[in-house]
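I set out below what I looked up in this structure, entry by entry.

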Amino acid sequence: MHHAQRIAKGIEFAEGTRPFPLHRSTEEATELMKTLMGFGTIVSNVNLPNRGQMPQLPAGSIVETNCVFSNDLLKPVLSDPLPGGALELVARNCGNLDACYEGIRARDMGKLFEVFLNQLLCEKLTREQGERLFKEMCQNTREYLEPWFRLDF
């Protein structure tokens, strides 16, 4: 379907001239919401602040963890400590995510650049190469970033 046809179809849906087809969602989120309303129990993975479910990581850091979903309850499943090598990778990523959040919150492109450089995929780049890549990425997404960040580099 061409772009113009999709737009026309969307307008018809919005105006009510074309019926909107309803079908059951395949997204697990639907089932998770149902369990929170008392319709069953599910264990699924979600991103939540660390409240002890990963004891080797800082409290409050966002971690992906299994949780029990049931009537009015979202309870993280506690995990065993990670082995050394895995812990190093997870802790590095956890620190990057926390620093990225702080950089976004402070609208600090310098902090975001440091987080970018600390990513595993960037570790073989020189600082200059990383800076060029970061700037290029920012320029290519300028329309999304400029309302929130100063891109005067």
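**Basis.** I worked from a predicted model, in which local features need pLDDT of at least 70 and side-chain atom pairs count only at pLDDT 80 or more, while totals for chains, interfaces and linings use all residues. Residues are numbered from 1 along each chain as its sequence is written, and side-chain values use heavy atoms, with hydrogens and water left out.

I looked up the strand order and found an open sheet of 3 strands, 1-2-3, with antiparallel pairing. Strand 1 (42-49) and strand 3 (73-76) are the edge strands; each has a single partner strand, so one side of each lacks a neighbour in the sheet. Neighbouring strands are turned by 40° against each other on average, direction ignored. Helices (H or I, at least four residues) and strands (E, at least two) are DSSP runs, numbered from the N terminus; two strands pair if DSSP finds at least two bridges between them.

I then noted the pairings. Strand 1 is joined to strand 2 by 8 bridges, and isoleucine 42 stands opposite phenylalanine 69 in strand 2. Strand 2 (residues 62-70) is joined to strand 3 by 4 bridges, and cysteine 67 stands opposite proline 76 in strand 3. The hairpin of strand 2 and strand 3 has 2 residues between the strands, and aspartate 72 there takes a positive phi near 55°.

I also checked what lies over the sheet. Helix 2 (residues 28-36) lies across strand 1, strand 2 and strand 3, at about 95° to strand 1. Axes are lines fitted to C-alpha atoms, for helices over the stretch in contact, and angles run from 0 to 180 degrees between N-to-C directions.

**Leucine 57.** Is leucine 57 buried or exposed? Leucine 57, in the loop between strand 1 and strand 2, is buried, with a relative accessible area of 8%. Buried means under 20% relative accessible area, exposed over 50%, and partly exposed in between (1.4 Å probe, protein chains only). Beyond its neighbours within four places in sequence, leucine 57 is in contact (heavy atoms within 4.5 Å) with Asn50, Val63, Leu87, Val90, Ala91 and Cys94. Leucine 57 and valine 90 are 33 residues apart in sequence, yet 8.6 Å apart in space, C-alpha to C-alpha.

**Methionine 1.** Methionine 1 precedes helix 1 (3-15) and counts as exposed at 60% relative accessibility. Leaving out residues up to four places away in sequence, methionine 1 touches Arg6 and Lys9.

**Salt bridges.** How many salt bridges does a search of the whole structure find? The search finds 9 salt bridges, each a side-chain nitrogen of Lys or Arg within 4 Å of a carboxyl oxygen of Asp or Glu. I recorded three pairs.

- Glutamate 12 and arginine 18 meet at 2.7 Å, N to O; glutamate 12 is partly exposed at 29%, as is arginine 18 at 33%.
- Lysine 135 and glutamate 131 meet at 3.3 Å, N to O; being 4 residues apart in helix 5 (residues 127-140), they are separated by about one helical turn.
- Arginine 142 and glutamate 146 meet at 2.4 Å, N to O.

Salt bridges that share partners also join Arg24, Glu31 and Lys34 into one network.
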